[in-house]
Amino acid sequence: MNRALSLLRKVVDVRPNEVAALLTACLFNFVILGSYYVIRPIRDDIAAAGGTENLSWMFTGTMVVTLLANTAFSATVAQMPRRKFLPIGYRFLIANLLIFYFLMRATSNIWVGRAFFVWVSVFNLFIVTLFWAFMTDLFDSEQAKRLFAFIAVGGQLGAIAGPLFTASMVKHIGPANLLLVAAAGLEIAPWCVKFFPTPNPNPVPRDREQEDEDENEEEEEEEEREAEKPVGGSILTAFTHVARSPYMLGICLFMVLYAITSTFVYFQQADITRAHFHDRAARTAFFAQLDLSVNTLTIFGQLLITGRLLKWFGVGVTLAFLPLLSLLGFLGMGLWPTIALLAIFQVLRRAGNFAITRPAREVLFTVLSREDKYKAKSFIDTFVYRTGDQVGAWSYTLLTWLGMGLTGVSFVAAPLAAIWCGLSIWLGERQAAMAETHRA
């Protein structure tokens with residue numbers, strides 16, 4: 001046991017009292033991302049088959065559904081403790097998967113495919129948002145900087161297993177049966193919530209006097225009882241709190257710029273792959289291989305780079321990595337818009353987001369109140385993100401209508417990436433100041 005802990009500590013700066021929580025978090029992240037990546041290639045195939053002229057409308061539908069889902073989520077959070085509403089949320093999504101399974105088995109109607117595209121686009125945000133909201137509630141800012149990158153590794157292992165399974169099995173069992181695989185994997189998530197250990201950052205020393213130990217234990221039990229109470233507030237809390245906070249508004253703008261640039265790349269991908277591949281199974285397999293490349297590269301980044309970046313340079317510089325990479329990538333696409341360069345850009349950009357930007361962005365939320373960690377974070381990660389998607393989708397449609405091809409769109413996106421880079425530095429400085437205030 002000591003040897004295993006020693007090996008683990010060579011990879012991540014984990015304390016003995018945090019090991020159980022760290023490993024449970026890794027398993028939790030593995031099953032939610034593994035389940036999503038089993039079905040993601042199906043969604044991408046639907047997008048490519050429908051053409052970019054229909055994507056804008058599907059993104060509009062996604063934004064509307066996201067708003068409705070976020071409102072229902074806020075109402076649920078206000079009434080239930082976290083270890084109750086999180087399992088309910090995951091099992092509701094499992095029920096949705098089963099409904100789509102029966103629909104896909106019964107019919108090949110195009111509207112079922114489009115509804116599935118919208119649903120998966122909402123599903124992927126909520127499963128990840130629920131997970132990271134739970135993590136930012138359990139771990140403090142100092143723990144997050146040490147542990148979040150390694151916790152993200154668990155997710156990336158799932159993100160590798162998912163597309164690997166899909167690429168090898170889709171031709172044998174068919175797309176519909178993949179939904180059952182995803183549902184079975186996702187069922188593990190509620191059990192992770194139920195049995196998740198509390199990662200106490202300040203364990204009681206063994207040699208402390210018994211009366212001090214009893215007092216400390218009572219305080220910890222009281223904190224745990226307080227944490228398990230319903231969050232409370234109204235369904236409008238997320239919007240009002242975000243509107244009054246320059247810091248959270250900055251996070252909103254960060255998400256919008258990320259979403260707009262991501263949508264530009266996604267539409268470019270749909271255009272190029274539709275022209276390059278004429279067989280839908282081959283296109284689905286290509287998307288799965290792309291996901292596999294992204295997630296394999298992400299693992300190395302999370303293990304070798306992210307923790308060190310956060311420790312040496314702080315949150316701001318770490319957040320600025322992806323905007324800088326995007327700036328260079330869009331300039332490259334403007335000069336040489338080929339499928340090879342697009343594939344490289346997509347792999348590096350998505351891997352950079354998952355490996356570096358995502359863990360750093362989650363650190364931003366550790367300095368917020370518990371209510372904001374669930375409500376405001378959910379609002380930002382889902383509705384604000386999908387709003388950025390919507391802006392990006394219709395902007396891409398407008399730019400192509402104006403006669404801009406891949407080159408023109410890329411040169412429009414490059415200045416947005418530069419603004420995004422400056423915003424990242426500012427957010428990092430604000431997070432550090434707020435964390436210091438919390439410690440004082």
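**Notebook: salt bridges and cysteines**

I looked up Asp-381 and Lys-377 and found both in helix H14, four residues apart, which is about one turn of the helix; helices here are DSSP runs (H or I, at least four residues), numbered from the N terminus. This is a predicted model, in which local features need pLDDT of at least 70 and side-chain atom pairs count only at pLDDT 80 or more, while totals for chains, interfaces and linings use all residues. Residues are numbered from 1 along each chain as its sequence is written, and side-chain values use heavy atoms, with hydrogens and water left out.

I noted that the side chains of Asp-381 and Lys-377 meet in a salt bridge at 2.7 Å, N to O, the term meaning a side-chain nitrogen of Lys or Arg within 4 Å of a carboxyl oxygen of Asp or Glu. Both residues are buried (under 20% relative accessible area, with exposed over 50% and partly exposed in between, for a 1.4 Å probe and protein chains only).

I then followed Asp-381 to Arg-358, where a salt bridge is found at 4.0 Å, N to O. This pair links distant parts of the chain, helix H14 (residues 370-401) and helix H13, 23 residues apart. Asp-381 counts as buried because its relative accessibility is 2%, and Arg-358 because its value is 15%.

Arg-358 also meets Glu-362 in a salt bridge at 2.8 Å, N to O.

I counted nine salt bridges in the structure, and recorded a network of them linking Arg-15, Glu-18, Glu-142 and Arg-146.

Finally, I looked for disulfides (pairs of cysteine sulfur atoms within 2.5 Å) and found zero.

Conventions. Helix = DSSP H or I, 4+ residues; strand = E, 2+ residues; numbered from the N terminus.
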